[in-house]
Amino acid sequence: MNKLLITLFALSVACATSLAQAQAAPAASAAPAAAAAPAAAAAPVAPASPKSLEAKTAMCFGCHGIVGYKGTFPEVYRVPKIAGQNAKYIAAALNAYKSGDRKHPTMRGIAASLSDQDIADISNYYEHLGADSRDKLGDKPDQEPDTQVAGLVQKAACFSCHGSNLSKPIDPSYPKISGQYPDYLFVALKAYKTTDNPDVGRNNGVMGAIAKQFSNPELKALASYVGSLDSELQTVPESRFHKH
Ligand code: HEC
Ligand code: HEC
């Protein structure tokens with residue numbers, strides 16, 4: 001190596017070293033401050049900071065925050081209302097998309113991008129979203145079913161799990177179904193019967209056994225009745241997120 005090259009080499013090493021130090025220094029001094037800030041502000045159970053929650057849910061509003069927004073696969077139906085749903089059920093549903101027990105391709109892709117912490121934060125957020133404008137339901141559904149539907153409801157004891165008004169499930173990991181969109185309910189019920197399609201269907205021991213007892217016209221009648229009832233579920237547009 002000639003002298004010039006050695007000098008250049010030495011210079012570039014020195015440069016790289018001082019650059020690395022310059023970068024390391026602020027990082028090292030900033031770290032304790034960044035770590036201290038949330039700790040100082042934290043309540044006993046630290047809630048997700050609004051900013052990260054906003055980032056986590058921004059995409060969801062693109063479909064679940066638009067009243068009447070429709071999915072087109074495997075048929076055209078309104079995307080489900082998720083505001084006001086039980087957090088444990090929302091988490092169970094997201095985990096079922098993630099594991100592939102629920103096969104809907106778009107929701108599978110979305111759920112796969114969420115960590116356990118994201119799912120916990122998002123589920124908790126949606127359970128409470130719209131709580132101030134939520135219908136208060138009575139103990140019984142606000143409408144009686146006709147005789148056909150009354151027979152179907154009795155046959156599979158829907159009330160015994162989803163609650164006396166279909167919005168008070170016996171376990172928080174079970175969904176509120178009263179007043180959910182009827183076209184979505186029909187698609188969901190049919191999905192529990194479908195177990196042989198890679199892109200359509202839901203693997204669920206409980207609802208699979210129930211849905212398989214009914215023909216599609218019977219499931220449609222059930223979905224129309226349940227979907228016509230008053231609801232604690234809502235589609236809440238994104239603008240309400242920002243409470244200025
Ligand atoms: C491209 C539109 C779209 C986006 C974006 C989207 N979803 Fe969905 N979501 C759907 C559709 C369609 C379904 C119904 C799928 C099915 O039939 O199983 C669904 C179903 C769900 C369900 C199941 C509801 C139930 O009653 O079982 C949950 C929970 C859910 N989505 C949460 C989310 C969350 C949280 C986000 C954001 C992280 C999100 N979705 C983003 C379209 C979307
Ligand atoms: C033994 C308890 C039980 C009974 C009885 C029952 N369900 Fe369910 N239902 C469940 C559970 C648990 C789930 C959640 C399954 C899952 O995670 O996908 C569910 C899910 C559903 C869903 C999907 C909701 C959504 O948002 O996607 C619909 C619709 C539904 N049930 C309707 C009915 C109807 C109608 C009846 C009566 C014909 C009925 N269920 C009877 C336990 C029950």
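Among the elements of this predicted model, helix H2 makes the greatest contribution to the shell around ligand 1, giving five residues. That shell holds 21 residues in total, and the closest to the ligand are Cys60, Cys63, Gly71, Ala93 and His104. The elements that give two or more residues to it are helix H2 (50–64), helix H3 (87–99), helix H4 (105–112) and helix H8 (182–193).

Ligand 2 is surrounded by 25 residues, of which Ala156, Cys158, Cys161, Ala188 and Asn204 are the closest. At least two residues of its shell come from each of H3, helix H7 (158–162), H8, helix H9 (205–211) and helix H10 (216–228), and H7 has the largest share, with four residues. The two shells can be set side by side by residue class.

| Shell | Nonpolar | Polar | Charged |
|---|---|---|---|
| Ligand 1 | 15 residues | five residues | one residue |
| Ligand 2 | 20 residues | four residues | one residue |

Which residues does the UniProt annotation "binding site" cover? According to that record, an unreviewed entry, they are Cys158, Cys161, His162 and Met207. These residues are spread over 50 residues of sequence, yet they cluster in space, with a largest C-alpha distance of 11.5 Å.

Two of the annotated residues can be followed further. Cysteine 158 is part of helix H7, and it counts as partly exposed because it has 17 C-beta neighbours inside 10 Å. When neighbours within four places in sequence are left aside, cysteine 158 is in contact with Val153 and Leu166. Histidine 162 also lies in helix H7, but this residue is buried, since 20 other C-beta atoms lie within 10 Å of its own. With neighbours within four places in sequence again left aside, the contacts of histidine 162 are Pro169, Tyr174 and Ile177.

Helix H3, which was named for both ligand shells, is built from 13 residues and reaches 18 Å from its first C-alpha to its last, close to the 18 Å expected at 1.5 Å a residue. Its buried residues are Ile90, Ala91, Ala92, Ala93, Leu94 and Tyr97, and what covers them includes H4 and helix H5 (116–128). Just after H3 comes glycine 100, which takes a positive phi of about 95°.

Helix H6 (residues 147–155) is, by contrast, hardly covered, for the count of buried residues among its nine residues is zero. After H6 comes alanine 157, and here too phi is positive, near 50°.

The interior of the model can be described next. In soluble globular proteins, nonpolar side chains tend to be buried together. The largest nonpolar core in this model has 17 residues, and those with the most contacts inside it are Leu185, Phe186, Leu189, Leu219, Leu222, Ala223 and Val226. H8 and H10 each supply at least two residues of this core, and its largest share, seven residues, comes from H8. A second, separate core has 16 residues, including Ile82, Ala93, Ile122 and Leu129. Leucine 222, from the largest core, touches Val149, Leu152 and Leu189 when residues up to four places away in sequence are not counted.

Where does aspartate 142 lie? The residue is found in the loop between H5 and H6, and it is partly exposed because 14 other C-beta atoms lie within 10 Å of its own. Aspartate 142 and serine 228 are 86 residues apart in sequence, while their C-alpha atoms are 9.4 Å apart in space. Not counting residues up to four places away in sequence, aspartate 142 touches Leu229 and Asp230.

Finally, the chain can be viewed as a whole. The protein chain has 10 helices and two strands, which follow one another along the sequence in the pattern α-α-β-β-α-α-α-α-α-α-α-α. Of its 244 residues, 27% are buried. Among the contacts in the protein chain with a separation of 6 or more, 72% are between residues 24 or more positions apart.

Technical notes: Residues numbered from 1 in each chain as written. Chains lettered and ligands numbered in written order. Predicted model: local features only at pLDDT ≥ 70, side-chain atom pairs only at ≥ 80, totals over all residues. Near = placed C-beta within 6 Å. Nonpolar A, V, L, I, M, F, W, Y, C, P; charged D, E, K, R; others polar. Buried ≥ 20, exposed ≤ 12 C-beta atoms within 10 Å, placed from the backbone. UniProt positions renumbered as here; feature names shortened; annotations may be inferred. Contact = placed C-beta atoms within 7 Å. Expected span 1.5 Å × (residues − 1). Core = buried A, V, L, I, M, F, W, Y, C linked by C-beta atoms within 7 Å.
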